[in-house]
Amino acid sequence: LRVARDAPGFDLVLGGHNHTALLRGYRDPVSGAVFGESGYGLSYTTRVELDFDGTTGELKDVTAELVPLWTDETGEDPAVLKLLAGFRAEVERGMSRVLGRAAEDLPQDPGWLDSPLGNVLCDLTREAAGADIALHNTKGIRAPLRKGEVRLRDLYQSLPFENTIVTMRLYGSDLERIMADNIIHGRSFMQVSGFEVEFLPGDGPRPASLRLLRGGREINDGDDFLVATNSYLAGGGDHAAGFSAGRDVRDTMRTVRGVIEDALAAGPLKAPAGGRIRRLK
């Protein structure tokens, strides 16, 4: 709504990420723009019709509706299946490539504090960037890596986003804000490396108290760190307002997925000790 109303002239606004399913679109009575959004999980797609005047070229109307993608109900188009067959075989060959081995199961979110896979990813990111500290959003890690052979498909399922590693300088006060924004109802939506977090849950969503530690010493507001994170958080992703204070921001253009792939090539992947984020009550 803000996009359509603050930048007038749009006839159609297509959105995503919010998981909203607008069955027949939505026409904003203020701007006149029509909105389409398709839910989540490829269960629908949005079909839009734009009706133009054949003589003047003027847009007369915009309509939107959701088209279900439940193939058990709609069937599949034979011509499209034939077109995709060649691509599917090529993708299957690439995704089946063995990258290395995991020495143990690496879950992504047990207990919603720090996780084995989150700790691995943050440690590897910090090392690759030569940073003091690394942070990744918990929800950006979508699946565990299982003990045994790890294929490219497994890595894409765990880290499906094309994020790159970004470095910046942040003060201790910035880190405290980031963690306070990302510990919600006693759960941590941030994974960390290079420091530890202790917190007391509050009566509301935010923690009642929060303490950041590095090497057994409490981090002070003015302490200055080189921090590595992903481009999604650096660009203002979920609960990431604290990253806007970053100084000397640099995108390394190295993919987050790539640091795991390189580590797998070097030897079996194993999680470091956990307990970096501690709920005190």
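How do the residues lining the second largest pocket divide into nonpolar, polar and charged? In this predicted model, local features need pLDDT of at least 70 and side-chain atom pairs count only at pLDDT 80 or more, while totals for chains, interfaces and linings use all residues. Residues are numbered from 1 along each chain as its sequence is written, and side-chain values use heavy atoms, with hydrogens and water left out.

The lining in question divides into seven nonpolar, three polar and one charged residue (Ala, Val, Leu, Ile, Met, Phe, Trp, Tyr, Cys and Pro count as nonpolar, Asp, Glu, Lys and Arg as charged, and the others, Gly among them, as polar). Among its members are Leu 1, Val 13, Tyr 26, Phe 35 and Glu 37. A pocket here is an open set of points on a 1 Å grid over the protein atoms alone, where a 1.4 Å probe fits, with protein on both sides within 12 Å along at least five of seven lines; lining residues have an atom within 4 Å of a point.

Strands S1 and S3 each supply at least two residues of this lining (strands are DSSP runs of E, at least two residues, numbered from the N terminus). Both belong to an open, mixed sheet of three strands in the order S1-S3-S2. S1 (12–15) and S2 (26–27) are the edge strands, each with a single partner, so one side of each lacks a neighbour in the sheet. Two bridges join S2 to S3 (residues 34–37) in antiparallel fashion (pairing requires at least two DSSP bridges), and Tyr 26 stands opposite Phe 35 in S3.

Conventions: Helices (H or I, at least four residues) and strands (E, at least two) are DSSP runs, numbered from the N terminus.
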